[in-house]
Amino acid sequence: MNALQALLLFVGIPVAFAGFVYVAVSASSWTRSGRASADYEGGPFLVASDPAVPNPSILPNDMGSTSVVGGGISAQW
Amino acid sequence: MPSGELVPGYGGASEPVGALSESQRAVLDRVVQRARSICGYCFGVYVGPLPEGRASAIAQHAMLPDPTSAVLVAVDPSTRIIEIVTGRTVAVDLDDRACELAALAMKSSFAADDLVGGLRDGVTLLAEHARAPKVMHLSDPD
């Protein structure tokens, strides 16, 4: 085994394998479907289910209240 | 309707949308319908700008049918904001701690650029938590 063969064996193959792994991991973010986060360019989108199922066990606890919102949280990623 | 271009289609997706594909919209539509079948409450998912933060999310929540019994998960991908708004009736079964847990689940998926997967997991988690315990003589026999 000469120096060139040894270089290809111990450097070329690992580098090629590392490059393959890098491409395999990051390829999804290069596609349009994988980029729907930081550089989101779409318009506003709202989807909603059908109205809530009527539940007779739930009684209006404060009929006079005009507040619709009962809770929730804010977060950031 | 803030911009006049968003037409809510209850039981279906609204138009227009750029970054979400047809299949992704179909997934989100199925997710909210399944969440409703789990707990009985109305669920909504909003993806888009939230210029006034929580106030914008509350405005979107008010557009859902019967907002007191509705849950909205609003996400602004450009500013990386998650807002979960629960109606007054829903808040009885779905407390803020459960919302935090769902937001945590969504954050991990969003960080990996999986917007739809995060919304799917978050909404499903919220629906599971919002499922009220069965009440004798009121719950349908399964």
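Chain B contains 5 helices and 3 strands. This is a predicted model. Read from the N terminus, the elements of chain B follow the order α-β-α-β-β-α-α-α. Of the 142 residues in chain B, 44% are buried. Among the contacts of chain B with a separation of 6 or more, 53% are between residues 24 or more positions apart.

The strands of chain B take part in a sheet with strands of chain A. This open sheet has 5 strands in the order β1(A)-β1(B)-β2(B)-β3(B)-β2(A), and its pairing is mixed. Its edge strands both belong to chain A, namely β1 (45-48) and β2 (69-76), each of which pairs on one side only. On average, neighbouring strands of the sheet are turned by 10° against each other when direction is ignored.

Helix α2 of chain B, residues 54-61, lies across strands from both chains: β1 and β2 of chain A, and β1, β2 (70-76) and β3 (81-87) of chain B. The direction of α2(B) is at about 135° to β2(B). Helix α5 of chain B, residues 115-130, lies across β1 and β2 of chain B and runs at about 155° to β2(B).

Terms used:
Residues numbered from 1 in each chain as written. Chains lettered and ligands numbered in written order. Predicted model: local features only at pLDDT ≥ 70, side-chain atom pairs only at ≥ 80, totals over all residues. Pairing = 2+ DSSP bridges. Helix = DSSP H or I, 4+ residues; strand = E, 2+ residues; numbered from the N terminus. Axes fitted to C-alpha atoms, helices over the stretch in contact; angles between N-to-C directions. Contact = placed C-beta atoms within 7 Å. Buried ≥ 20, exposed ≤ 12 C-beta atoms within 10 Å, placed from the backbone.
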